[in-house]
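The entries follow the order in which I looked things up.

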Amino acid sequence: MARSSGFKINRQGIRQMMGEIQREMDKHPLAARVQADPDVSFGDTNVFNGPVIHGDVRGSQLAWGNNFVNQSQDQSKPIAPGFEAIAQAVVDTLRQLPTLGVSDEDLEDASAVGEEVLNEVVQSEPDRGVIRRAAAALKGYLAPIATGAAGAVTGGEETVRVLIERLSTAL
């Protein structure tokens, strides 16, 4: 982490967050353009200092030209019965990975795999095959740490063994 003016900047966390935002926006394409030049138009629409939105915007929120914004959405979904343990094991694994010496690239991939599981367990009938394959991939990111491979955080082996065990027995 770099230091700037007394603040700690978590560059890895920022990259992870931006990747998650990008993946979510890719699911629901949204092209927003802000055009300050009133002489430029998009089709039959002149744009005067405002957004032009094209495409699917399900779940998106836009606040424009105000100083105080209070927007909220509740898109929580219940976990299918019998899948609570694997959901919790995946969440715990994703929370621990950044502290265990996993590379940024592996963190990004593991986050995508974990998101796949979490999206699956809220379906009315989750596909166990999808969940098993994703759990196996997460265990693959943990395995080098469990064996004390180079680059892993010292002392993380026991934590990783517990996470692997939970991912193995939760489903």
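**Entry 1. Convention for helix pairs.** I count an angle over 145 degrees between two axes as roughly antiparallel. I note also that the model is a predicted one.

**Entry 2. Helix 3 against helix 4.** I looked up the axes of helix 3 and helix 4 and found that they come within 9 Å and cross at roughly 155°. The two helices are therefore roughly antiparallel to each other. I recorded their crossing as left-handed. On the side of helix 3, the contact is made by Asp106, Asp109, Ala110, Val113, Gly114, Glu116, Val117 and Glu120. Helix 4 contributes Val130, Ile131, Ala134, Ala137, Leu138 and Tyr141.

**Entry 3. Helix 3 by itself.** I noted that helix 3 covers residues 104-120, which is 17 residues. Its first and last C-alpha atoms are 24 Å apart, close to the 24 Å expected at 1.5 Å a residue. I then listed its buried residues, which are Leu107, Ala110, Ser111, Val113, Gly114, Val117 and Glu120.

**Entry 4. Glutamine 16.** I turned to glutamine 16, which belongs to helix 1 (residues 11-27). Is this residue buried or partly exposed? Glutamine 16 counts as partly exposed because its relative accessibility is 22%, and the cut-off for buried is under 20%. Setting aside neighbours within four places in sequence, I found glutamine 16 in contact with Pro98 and Ser111. Ser111 is one of the buried residues of helix 3. I also looked up leucine 107, which lies 91 residues from glutamine 16 in sequence and 7.7 Å from it in space, C-alpha to C-alpha.

**Entry 5. Helix 5 by itself.** Helix 5 takes in residues 157-169, 13 residues in all. I recorded a reach of 18 Å from its first C-alpha to its last, close to the 18 Å expected at 1.5 Å a residue. Which residues of helix 5 are buried? They are Val160, Leu163 and Leu167. These residues cover an arc of only 60° around the axis, which puts them on the same side of helix 5. I asked next what covers them, and the answer includes helix 2 (84-96) and helix 4 (128-146).

**Entry 6. Helix 4 against helix 5.** I found that helix 4 and helix 5 pack at an angle of about 160°, with axes 9 Å apart. That angle makes helix 4 roughly antiparallel to helix 5. The crossing of this pair is left-handed. From helix 4, I listed Ala135, Leu138, Lys139, Leu142, Ala143, Ile145 and Ala146 as the residues that meet helix 5. Their partners in helix 5 are Glu157, Val160, Arg161, Leu163, Ile164, Leu167 and Ser168.

**Entry 7. Alanine 85.** I placed alanine 85 in helix 2. With 40% relative accessibility, alanine 85 counts as partly exposed.

**Entry 8. The chain as a whole.** I closed with the totals. The protein chain has five helices and six strands, and from the N terminus on its elements run β-β-α-β-β-β-β-α-α-α-α. Of its 171 residues, 24% count as buried. Among contacts in the chain with a separation of 6 or more, residues 24 or more positions apart account for 56%.

Technical notes
Residues numbered from 1 in each chain as written. Predicted model: local features only at pLDDT ≥ 70, side-chain atom pairs only at ≥ 80, totals over all residues. Heavy atoms only, no water. Helix = DSSP H or I, 4+ residues; strand = E, 2+ residues; numbered from the N terminus. Expected span 1.5 Å × (residues − 1). Buried < 20%, exposed > 50% of the residue type's maximum accessible area, 1.4 Å probe, protein only. Arc of directions from axis to C-beta. Contact = heavy atoms within 4.5 Å. Axes fitted to C-alpha atoms, helices over the stretch in contact; angles between N-to-C directions. Parallel < 35°, antiparallel > 145°, perpendicular 65-115°, else oblique. Left-handed = near helix turned anticlockwise from the far one by under 90°.
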